[in-house]
Every structure is written in structure tokens, then in C-alpha cells.
Amino acid sequence: MGYRISVDTGGTFTDMVLLDEDDRFHVGKALTTSDRISEGMFAALDVIAEALGKTAKTLLAETDILIYGTTRATNAIVTRKTARTAFLTTSGFRDVLVFKEGGKHGPHDYSYDYPQPYIPRRHTFEIDERTGSGGDIVRPLDEAQARTVVETLKARGFEAVAVSLLWSIANNEHEAKIGELIEEIMPGVPYTLSHRLAPILREYRRASATAIDASLKPLMQAHLRRMQSDLRDAGFAGDLLVSTSVGGFQEIETLVERPINTLKSGPAMAPVAARAYAAVEHMGGDVIVCDAGGTTFDVGLVRDGQLVYSRDSWLGPLWTGDIIGASTVDVRSIGAGGGSIAWVDPGGLLRVGPQSAGSVPGPACYGGGGREPTVTDAALVLGYIDPDYFNGGRLTLDRAAAEAVIGTLAATLGKDVDETAHAILVIANELMIKAIGEITVNDGVNPRESVVVAGGGAAGFNIMPIARELGCETVILPRTASALSACGMQYSSIVFEATRSRFTDSAGFDRTGVNAALDEIDAELLAFRDSLGIAAASEVTIEYFVEARYRAQVWELDTALSKPHLDDDADVAELIEAFHRTHDRVYAVRDDESPVECVNWKGRISIRPFEPPPSPDPSDATHAPDAATTRDCYFGDGVRVPTPIYRGADLTAGAAVSGPAIIEEPTTTIVVYPGMSARLSVAGDYILNSL
Amino acid sequence: MSEPQTTLDPVLISVMANRLDGIVREMTNTLLRSARSAVISSARDFSCCLVTGEDELLAPAEGLPVHIFGCHIQTANMRKYHEGDIRRGDAYLDNDPYGGNTHPADHTFMVPVFWEGEHLFTAVSKCHMADIGNSIPSSYFVRARDVYEEGALVFPGVRIQRDFKNVEDIMRMCRARIRVPDQWYGDYLAGLGSARIAERRLEAFCEKYGKDTVKAFMREWLDYSERRMIDSIRRLPKASLTNKGKSDPLEGMLPDGLELTVKIDIDPDAGEIHVDLRDNPPSIDAGLNTSLGSATSAVVGAIFNALDKDLPRNEGAFRRLHFKYAEDSVVAAPTFPHSCSVSTTNVAERLVNITQSAFAQLGDGHGLSEGGAGLGAGMAVISGRDLGRGGQPYVNRLMLSTNGGPASAEADGWVNYALPVIAGLMYRDSVEVDELKHPIRVESLSLVTDSAGAGRRRGAPAQQIEYGPTGAPMTAVISCDGQHHQPRGVIGGLPGTAGETWLIQDDAQPERLPNVAHVTIDVGQRIRGRDSAGGGYGDPLDREPERVLVDVLEGWETRQKAEDVYGVVFTGEIDDETLAIDAVATATRRDELRAARAA
């Protein structure tokens, strides 16, 4: 067997993980080269090749599978470099992308403008037609008018077309016809039809998904094909797969038809990694995954060994950004990290964020001109960071600068510098505690019965007190924590979803109609499997879900079906009972008297073309390692205490330390607070516990 | 100013405040997602908060501004009515507009939270119910001459649970009188569930921190909030502001509408704002009277619009606001048995507008223009029978189209504003969801070009909707107060257009309806409603031409209006993407317009 490589290209860094023939991970990092992504990839590969004593070319030639995670689509949207896209919708409803779904942040805040729609109104065209909620044709498609519109699009040089008509989910005739007109009049111009991409109820969500997808097609098709040829040119002869927002990956041929699925694909892999790490350490079940970077803190969940999905994922802020509409792994992001700025408000309380020093100018200790005290400055002052060994010694930090800015804040508060720095960390933790609290509560997960998997370069500073506050006893912090998403890809599968909207309720359940929808889903999933170039004989699993709610509710909950077909009333009753249980878990109430409405039906196929790395046998044997040095650190009890400092490279499986202690890994620092302990497992993960 | 007299570590205060905020957010999320009626789950017409055991508002969620004031009066009444007989496991329902509540449609669920035998908190969720047993199928009844004609079931601090079990007598009363009782019960479960979740979390909170620390925290958090309020008021100029505005007429009852007055004295030295609401008409024989809770909330919310954006909104902040009320008035002082059925909208909307625009008298940079007002056809309460579902009845409030928001000194108006009392917090209904839930069809729904109040910052444009029933006739109750008096601009900004409603049988001859209408729409007929647009802020001739360019490109304003009102002249065309500002012609045009004004 050859190597397997996974790559996560972030906005700043490209993380690469290589799995060798002995099932060991090797991590390489390099700066992302956004002009030509493959260059950054090859630079990261060089780092690994050097460590293995080989050349990058040899490694690549000996690689069977390369999984590529990209932020290309996200960046294109942020920088507004997507295709010039026309949006076609039902006559009378041109403002669906303007109106979005409502909601506003801050009832008394009138300081910001209403957002622009994803596709401008002047690129929006109304089609004379109307389908009713039952799929009935209220107003037939005016083909002549539609033809005129498409000819106009051609004349005006649109590069992509998004078509989302009202009720195309109930009857796709009109959308399909417009698709034919586009193929006829504008052959070769990519387009997306809403009923094919995201056949879900709610016109804004469907339209937004369709618009985003179409606008990405020209760019992502070119990007992925170029990546393919760059890799071929570099001697790669294996299979290229691309990771997606459903926590899996797909072949390029599939993805160029649905490039929207590459959005948020990086964060979506963190829960995949977390699930794998928890399983390796025999701590499966409910897992909270935290990925702490320099400016954002991402939280995701694994519930009962399963990934958690959402249709409420936005590009940009909730409500005012653009909803992705497609189902994605539910990962919430808050603006909090090492760069968050501490300040004192007019009422005299210390606050942290939401302003951030980012990476430029960055925290004061970076020496880049930052003048505001940040969380990283606080960690440095407290002794948690070795100023000469930050990021593996690649950046020397200015401790005096950190002390100066925190000293100013301390004077305002009437506290000493250590107390102030400690207070900054405590308050920064609060933001993260609330973020974790919200996602767990939303999904009915009890943090006290969950394990935390932490990743990202900044997690080690504070994950233990955060977990303790939430009542989680155990934190897993993998040695490869800084490349959590890339690691996740190594444990992932080909994942593909098919959806049908078929509305019915338990008071008069349309079993025939639902089974027809499920059959269509099955057919689509199996056709997808058959289309795959690799993995013909791979292990396949299919799960089925319904998005359901009580009658008159507006928001649905995902409820799993235990089988692919509802054979009789007992099967329906079981499904309805499963919904009641889900509602009870999430909202703490069930209403047995109420009819249950079923809205969208969904199938998710997972195909595993390769085996994940095996888990090593666990061992409880521990030993006390020798500290590399000691440093005086402050943990909030009024005095600094001499604290042993361990170098991660010196530690072997079974090494166990009790707090206070600090473990320095090249890309992360783990603070073991007093009253806590850390142990290095056989698999290479730090297991952190409250004593 | 009281100096900080902190006995708790300020870091602990921040941490505890954060935890309480997490609890009210959880209450909000639970209620939002599990409620049945669209008025709660879509329109977000509900609010959650925590009140101290001594009846001080401690921590509100980010809820509707019109709910912010009054819950503490309701909890005080609950304690008074049930003195000596309140215990863990109880829950109470209050919707009495004469007892601190906003209006009868807002069912307020109160759960007293005990720790070590002491009543430390009351968890409160206030939900606008789709139906409350009124004599007409709407929870808004503008023309109700008194509470008896209004017909709402009123629960003055009534116990609805003991030992965590429903008081079934009350449930039967509600089921016997409320339309679509299952929908009410579903919303009851959601509202009560939200308060019960808070109870669980608060008990854990008390266990973690201990009673003494919790009590000290409550005191210090309110003191901190007061300090923030003082600081914010101190940065305003000293001034006495008086502002007036008019409400729409009510056919056959109030031909001239009501003239409303708000007087505001800002005393930065004392860090106080005094509000005088006495100069207002006496109570009227209609549902337009505003309760103490609604009217005060409307004004308090509008004052917060003029202060720092992130002030804590609680009793500590309220200590710095002082109100004077009349003995008998349509504003904040109704006399029984006058009806307060539409107390949270109509007059309350005007109060928000009058108050927030009064602050613009302080000069450029202060206050807001008036926002679009009125529950138009897109926010009507519709009802009827659903033939596709065996003729079962339905009743619900729509949130399909909304008014345009006001402009500020910095930003253009918010499109999804809804009403001054909602301030953009609501969700819009999905057309597909509404068509699925009810036998209706929406024909069109779009922004209205050239409707926005022009200004350096522009109000948000109006929206227009047209819809009708598909199977059987439908009743629509429209309680609009936004069709006669346009939302005004400030600091030289122009007014937005007013709303209108029509009944359409024949497209050539739409029949204009009055602003308050209770109509039956037959199959084949449609109702067309246009909402109002927000007023502008500042002189339209000072609007950056780049902003006008976007407005014209996007069809929010026409090229003609750009030239006539904003004085911006373009070259090129929209369709071929060549539209561009003609800087020279624009300068000339603006000079001409300024000269014409001076003449």
C-alpha cells in the first residue's frame, strides 16, 4: 500500500497529513499560496519529505490517494470573484434573495446597512409561470417569454445561471424546461436548477443554495481540473478526492456539478477527526470538538457516534449573510481567539473582544505594532508561553511589550499584572463556554456526559478550564491537533446526500407518496455509487432521515428512519415515536396529541474506499517523565508557582504529569492547571483530566 | 454617580452575567423553535427574561423592544395575589394589561425559582398567542369599544401549574374559548417549557455559586448597569425635547386620529432622562389604548436607540429613566374597562417614532428618522376553513411583507424592519410555508421602487404583496396605523411613502380599503397591501453619489428620482453595465437644486 495524503488549505496555512505504511501520521505545514494552491501543497509536502528523508516527488509518486480540502469557493465569495451569474425566478418574486429570512442583530443598533443580495437585482429575471403548493400548474410556463429571457442572458454575457422557481420541489416541469432552453441557447454555460441541487421547502433557502452553486461552477471547475493536472504533472498517479461540507469527500466529477458542497468543508472535517480520536481512545458516544485558531473558535458535535448536520449554515453572519441551504456538518464559529482584545467598559468591567488584533498587527508581543492587550499577551505574561519557543521557535515573542499593554489595563482596573492577565483568560473562556453551551443545548447533548476533543494551535491554553466549567471530565488533545481537519479526512468516506420534499402528516400519512420519494432517493444514491470510478467494491452504508415537526411548527428536526421503506402502519408509528423522542430530547417537551408533519426526506450514502488507520492497543501503564526546565507561572491563586515544563518530543506513551505543568509541542502549548493531569496515550493523544 | 462599591470580584460578575445571558438565550431558542403559531416561531413576537425575587428586571433576552418594561410589575402582582402560597413547582399565567402586561394577546408565563427555600428569581416568557378568545378572529381588535366587546380571556396572575402539573381547570377554560385550541396548547407548552428550562438552569446556577454570592451578584449587576446608563446619558447634551405625531384615523370612531406628544428632558449632569407622557388624549372607546407596559416599553426602547448599542437593559438602567403619566390617557394610563387590544402596535409604534426622532433635535448624529409603521395586509390575521384538510379552521398572523426601517446618521434603513416595536428582530414567513399551511396563494411580493424616504441616509423602501384564498373565503383582519401619516424624515431627510390596502376583484378597479379593515375575501378575489417606507436622515443632496448609484443599479430608486431628489446624474445604461456617475453634471445639478430651495 502506498501513502495517503490529506490537505487542508486554509486562508493562511496549508496543513498536510501523510499516513505512512506503518499507519503513522506526519504533519507538514506551509503558507497557503492562493494564486496557485499546488505550490503551497508541495511546500508542505517538502516539510514531510525532509522529515522522512525522501523527496517530495518520490512521496507523491508513491501516494495512492490524495484528499484535497479547499477554501477556494469561500474565498471567491468573500472577495466577490465568482462568476457573473443570472438569477431566474417566478414572476412577482424577484426579491427573494433580498428579503432573505429576516432577523437582525441588536434591536437598538442602527449603525449598519442592510446587506446586498447574493445576486444583484439587476441580474435577476422573472419568468412568467406559477406552480401551486400541490404541484398543480397555476399559470403555465410562457415559453416564448422564457426564451426571450435566456436569449437576453446570452446577449449580456452571463457566465452562469441559477434557476429557482416557487414550488419546483412539487413539480419540476418548469425548471427542467428552462434548463433545456439554457442548454439550447447558451450551450456550455453552467447552470443550476434548484430542484436538482436542493429540493427543500422554503424558497429563500433553495434560491440561495442555487445562486451560490451556479456562481461557483465556472471557477471551481477550472480550479479542480487545474489541481488535477498540476498533481499529474508532479507525478501523482493515484486518486484525487475533494472533501465536502457533509464531512466526507467526493470525486472531482461529482463535485464540479455541485461546487457548493466544498463550502465549509474544512471545518466539517473537525468533527470527523474528533469522532475518530474519541473512538481510538475508547471514549465514543457524545463528543464536543473545539478548534481554536488565532481569530475564530469553532465548535462542532458528534452525537452518539454520529455527525450532526444543519441546514442553517450561513456564509457570513447568521441572517445577514447568505444561507448555504444545503445540508452541512453543524459547526458554529465565534470570533474569539488569541488575538481578541481586552478592554474596560464604562461601567468598569473587563471585556474581551469582539474586536481582534488578528494576525496583523497581531498581539502586542508579536512586535508587529499591536498596542492593545490580547489573549495571547495574557498567556505570555502568565508564563504559559515560552517566548523563544512559540510556534516551534519560528516567532520570538516580546514579553516586555505584553507586560506593558497589560500593565496599562491593570492600572485601570486597580489590579496587578498577573491578576489582570489571568482575568483576561477567564473572560475569554466565557465566550467559548457560551458557544459550546449553545450548540450542545441546541442538540440536546449534555456536556457532562461528553468528551471534548480539542484542536487548533490555541486550544491548549484554556481548553481544560473550559471543559471543567462545562462539567466535561476528559479532554483529548491529539499531538496532531494543529491539523485537525486534515487528520479528519484520513478517517472519512465518500458521502453523498439525496433529498426529496414530500409533505405529509401523521393524521393522514401518505405512505405511498413517501415510499415513492424514498425510492427516488435510493435510485439517486445507487446511481451515484455506480458512477464512481473508485470504490466499486467498497463498504456502503445508507442512512435515511426525515425533517419533521409538530403541526403548525415552523422549524423541523432531523429524525432518523430505521429502514429505507415504510412497509406498514407500524413502521409509520415507529417513525412518529422517533420524532416525539427527538423533540423531547431537544426541547424537553413532547406532545403526543399533536399530528407530526413530515417535510423533507433525505438519504445519505457513505462509501469507504479505504480503511482508516487502525487503533493501537491501549495501555494504562504510566510513568513520570522528566521536566526539561521550570518556569514561574501564574494560575490565579495570588502567587506564581514554579512549574515544570515538558517538551512534547521528549515524552513517550504513558507519560503522565500532574498540574501545574506545561507541555510544549511544536505547534501547540498545553497548560496543565493545578488540580488537573495529562497523560500521553499510545495513540499519541494527550488525555487531559480534572483530578 | 455612585462609585463602584464592589464586593464581588468583577471577573466573577462578568462570568455570572455571561451565564445568565446563556440561560435567557436558551429560553429564547427553546421557545422559538418549539412554538406552533407563526406569530411566535416566525414573527418572534415573544420575549424571555429573568426577574429577581424582589421584582427587578435582571436579564432580558434579545427580545422585542415593546416587551422590555412591565414584567417586574407582573411578577410583583403574582407575589401579591398569592402571598404566602407560592412554591417550587408553581407556574402562573398573566395577560392583564391593567397589571403590567402589554396587551391581552401576550400570555406571560411566570415560574418562580427557589433556592434554599427563598424565592430568588422569576423566569418569565411572554408570547403573543395567535388567538385569545376575542369576539373576532384576531388577537388584535382595534374597534373594540371596551374589554367586554374585545372579549379576551384575561388571567390576572392565575396559577396554571402546581407541583409541575397543569391546573386543568384553566386548561379547560382556554380550550373552551380559544380558537384552534391545540395551537394555543402547543404554544403554552413552548412558553412554559422555556421558563421551566430557565428554572433548571437557575437552580444549577445557585448550586454552583451559593445563595449569598447570587444575591450579591444581582445587586452588583444592577449597579453596574446603572453606571453604564449614567455614563451613556452623560455623553448626551443637556436638552428638553418635545415631539408630536399623529396616529391614523379610525373610520366612524376617530375621524382625526390621535395627536400624541412625548416630552423628554435630558439631564446629563444627574445622568437622568425624564419623560413626560401626560400631554396626551384621554382613554378612548377603542382597542388603541396603550397599557403602562406597552407605552413605557415603546419609549424606553426608542431611548435605547439613542444611547450606546450594548447597554444592559434592566432595572439598573431603568433607575435612570423617570416617567410622568397622566391620570387617564390613551398613552400609558388607560382606565378600566377601556380596551388595550392593540396596545403593542398602533399608538405604541407612533410613540417609538416620536421618541427616536425627538433625539434628532439634538443635531446631526443623534436619533433616528421615523420607521415604517402599521400592520398591513402582509401582517394581517387571516382565518377561515381549510377544505383540503377536512374543513378544519385556521387562524394565524402573517409576516409576509414588512415596513421599511428608519435611517440613522450612519446607515440606511433596514429592509426587514416589520414595525417600530419589532425593530427588525422578526423572521419573515416563507411564501411556500404559508401556502402549505393555509389555503392561500401569494401572487407577488416585492420592494416598491422610489418609496423610500430620501436622505443622506435613506429609509428602507416599502414592500407590496398580493394574495388571496384558494379554496374557501378567507377573513383578513388588518389593523394598520400607517396609511395616513407618512414616516417622517429628520435633519432634512424626506418622508417615506405611506401604506395602502386594496381589495381586488378586477385588476382595473382595485377597491381601496380603510387602514383598519375586517374583510372577507372570496375565492377569485385578492388583497393587495403596500407597507410604508422609512423616513430619510439628513439632506438627500449630501448622499454620496456612489450610494445613489447602487440604489439606481439595484432598482431601489429610479434614475429620475436620483436626478430630481438626490441631484445625481448618470451616464450609460444599467443593462449593459455602463451606468456611471457624471460627476460634473451631478455637481451642477446639486447646485441648482440648492439654489431652487433657497429661492
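**Briefing: strands, contact, core and domains in a predicted model**

Strand S10 (residues 272-276) of chain B runs parallel to S11(B), and four bridges join the two. The model is predicted. Between chain A and chain B there is a contact that takes 57 residues from chain A and 66 residues from chain B. The largest nonpolar core holds 388 residues, and chain A is assigned three stretches of domain structure, described below as domain 1, domain 2 and domain 3.

**Sheet in chain B**

- S10(B) and S11(B) belong to an open sheet of four strands with mixed pairing, in the order S8-S9-S10-S11.
- Strand S8 (239-246) and strand S11 (321-324) of chain B are the edge strands, each pairing on one side only.
- From one strand to the next, the twist averages 20°.
- B:His274 has B:His322, in S11(B), as its bridge partner.
- H8(B) lies across strand S9 (259-267), S10 and S11 of chain B, and H8(B) runs at about 140° to S11(B).

**Contact between the chains**

- On chain B, the contact with chain A takes 66 residues.
- Elements that give two or more residues to this side are helix H1 (10-34), helix H2 (38-41), helix H6 (181-209), helix H7 (211-234), helix H8 (292-305), helix H11 (431-437) and strand S14 (440-447) of chain B.
- H1(B) gives the most to the side of chain B that touches chain A, with 13 residues.
- By class, the side of chain B that touches chain A comprises 27 nonpolar, 20 polar and 19 charged residues.

**Nonpolar core**

- In the largest nonpolar core, the residues that touch the most other members are A:Val161, A:Cys290, B:Leu50 and B:Leu351.
- Helix H13 (residues 417-442) of chain A gives the most to this core, with 13 residues.
- Leaving aside residues up to four places away in sequence, A:Val161 touches A:Thr85, A:Ala86, A:Leu88, A:Leu153, A:Ile182, A:Val189, A:Tyr191 and A:Ala214.
- In soluble globular proteins, nonpolar side chains tend to be buried together.

**Domains of chain A**

- The domain assignment of chain A gives domain 1 (3-77 + 221-262), domain 2 (78-219) and domain 3 (494-608).
- The centres of domain 2 and domain 3 of chain A, taken over C-alpha atoms, are separated by 27 Å.
- Five residues of domain 2 of chain A are in contact with five residues of domain 3 of chain A.
- On the side of domain 2 of chain A that touches domain 3 of chain A, five residues are nonpolar, with no polar and no charged residues.

Technical notes. Residues are numbered from 1 along each chain as its sequence is written. Chains are lettered from A and ligands numbered from 1 in the order in which they are written. This is a predicted model: local features need pLDDT of at least 70, side-chain atom pairs count only at pLDDT 80 or more; totals for chains, interfaces and linings use all residues. Two residues are in contact if their C-beta atoms, placed from the backbone, lie within 7 Å. Ala, Val, Leu, Ile, Met, Phe, Trp, Tyr, Cys and Pro count as nonpolar, Asp, Glu, Lys and Arg as charged, and the others, Gly among them, as polar. A nonpolar core is a set of buried Ala, Val, Leu, Ile, Met, Phe, Trp, Tyr and Cys residues joined through C-beta atoms within 7 Å. A residue is buried if 20 or more other C-beta atoms lie within 10 Å of its own, exposed if 12 or fewer, and partly exposed in between; C-beta atoms are placed from the backbone. Domain bounds come from an automatic or database domain assignment. Two strands pair if DSSP finds at least two bridges between them. Axes are lines fitted to C-alpha atoms, for helices over the stretch in contact, and angles run from 0 to 180 degrees between N-to-C directions.
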